[in-house]
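I opened the model today to look up a few local details. My notes follow, in the order I took them.

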Amino acid sequence: MKLLHVVGARPNFMKAAPVIAAGRRGGLNQVLVHTGQHYDAAMSEAFFEDLGLPTPDENLDVGSGSHAEQTARIMSAFEPALDRHGPDWVLVYGDVNSTVACALVAAKKGVRVAHVEAGLRSRDRTMPEEINRIVTDQLADLCFTPSRDGDANLLAEGVPAGRIRFVGNVMVDTLLALRESARARRMPEALGVADGTYAFVTLHRPSNVDDPARLDELLRALEDLGRTMPVLFAVHPRTKERIGQFGLSAPNGSVRLLDPLGYLETVSLLDRATLVLTDSGGLQEETTVLGVPCLTARSSTERPVTIVEGTNQLVESTRAAVGRAVAEVLAARALGRYRPSRPERWDGRAGERIVVELLATGAGRTTEGTTT
Ligand code: UD1
């Protein structure tokens, strides 16, 4: 059986790595296609090294653009690559533009699509990722869900139960496999902060960084936070660009602006942080497993299990709300409220389950209808 894995943007890499590794152990024929949605060394290459990913067989070099342009470019470039490799399955990951673009191409060519991290819903269609999730799940022949809420969301949207497989969280496979290597990086020490005394911050969602007033509120919130503890802010290229474009002043005081970090560097900093402030999807999950308090600057999350069972809480993207939430977190932390948590099947074996399910479903084309 031949698998074609599609990766394109930073959050895809750590999800594909454990599935590719499990496929290799299972002796499967595998092809890796990188769409080039993310192309900076810090957003892409660094992850291939950290995660031990194979060199892509194809790099489509699509780069940035509007959603329509980027999605269209990925589709046009992916079609001949798909023809060249003729896989039995196309595996797409997460919710980025590369995910939906390649799912659409494969589905129309009658090549089976498997969606890894299926079923997540924020119920906020202003998020480009939510549109990508809904469309990809409708096209997929197999939907691999990370949590049971994913199964319920898919069933509610009419996805047949026979297409849904609850396999657990592939991000957690990677986190558990690489946690010790990440610790060995000793990033807090390298940046001159003591373990358990600093905040780690990432912000890149359009809803937070594309609106000048909102971005300014968040930058001022970081300045306030910097009066309580050192703040390490890993700045996404989009965020950096917007700060410059809007003419906003970078937060001063003890807020340190860092270039985007690799995977091991990020986990090293997450692991020893007092708290995390983010709008990322993956960080909500990683902080839950590591037992680190996480403030998510969004009005909704597609990962409710990190709130119900984990260390995550939503916070409004304003200076005042972030200030209040930080004070609450510090008080709760002093009472020992935050503990590492492993929701069901976040056990490091999700990649293996995916390969087992693919082998059980078998090779062949969607038109044969065995999965519908
Ligand atoms: C994308 C994903 C988002 C994910 C995020 C992680 C979609 C719709 N969004 O958002 O879900 O959380 O990746 O990073 O797919 N840029 C660079 N270098 C790069 C990549 C981007 O400078 O390597 C800059 C460009 O100015 C680009 C902007 O960042 O226009 C946005 O990049 P894009 O890939 O469109 O979306 P992200 O915001 O990264």
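I started with the packing of helix α11. Its buried residues pack against α9 (206-209), α10 (212-225) and β9 (231-234). I keep in mind that this is a predicted model.

Which residues of α11 are buried? I found T239, R242 and I243 buried in this helix, which spans residues 237-245. They cover an arc of only 100° around the axis, so they sit on the same side of α11. I then checked the other side of α11. There I noted K240, E241, G244 and Q245 as exposed. Just after α11 I looked at the backbone, where G247 takes a positive phi of about 65°.

Next I went to helix α12, residues 263-271. I counted 8 of its 9 residues as buried, so the helix is largely enclosed by the rest of the structure. My list of buried residues in α12 reads Y263, L264, T266, V267, S268, L269, L270 and D271.

Last, I looked up H5. I placed H5 in strand β1, which covers residues 2-7. Is H5 buried or exposed? H5 is buried, with a relative accessible area of 1%. Buried here means under 20%.

What does the side chain of H5 reach? I found a polar contact of 2.8 Å between the side chains of H5 and Y93. I then left aside the neighbours of H5 within four places in sequence and wrote down its contacts. They are V19, I20, Q30, V31, L32, V33, L91 and Y93.

Terms used. Residues are numbered from 1 along each chain as its sequence is written. This is a predicted model: local features need pLDDT of at least 70, side-chain atom pairs count only at pLDDT 80 or more; totals for chains, interfaces and linings use all residues. Side-chain values use heavy atoms; hydrogens and water are left out. Helices (H or I, at least four residues) and strands (E, at least two) are DSSP runs, numbered from the N terminus. Buried means under 20% relative accessible area, exposed over 50%, partly exposed in between (1.4 Å probe, protein chains only). A polar contact is a pair of N or O atoms within 3.5 Å; within protein, one must be able to donate a hydrogen and the other to accept it, and residues adjacent in sequence count only if both atoms are side-chain atoms. Contact means heavy atoms within 4.5 Å. The arc is that of the directions from the helix axis to the C-beta atoms.
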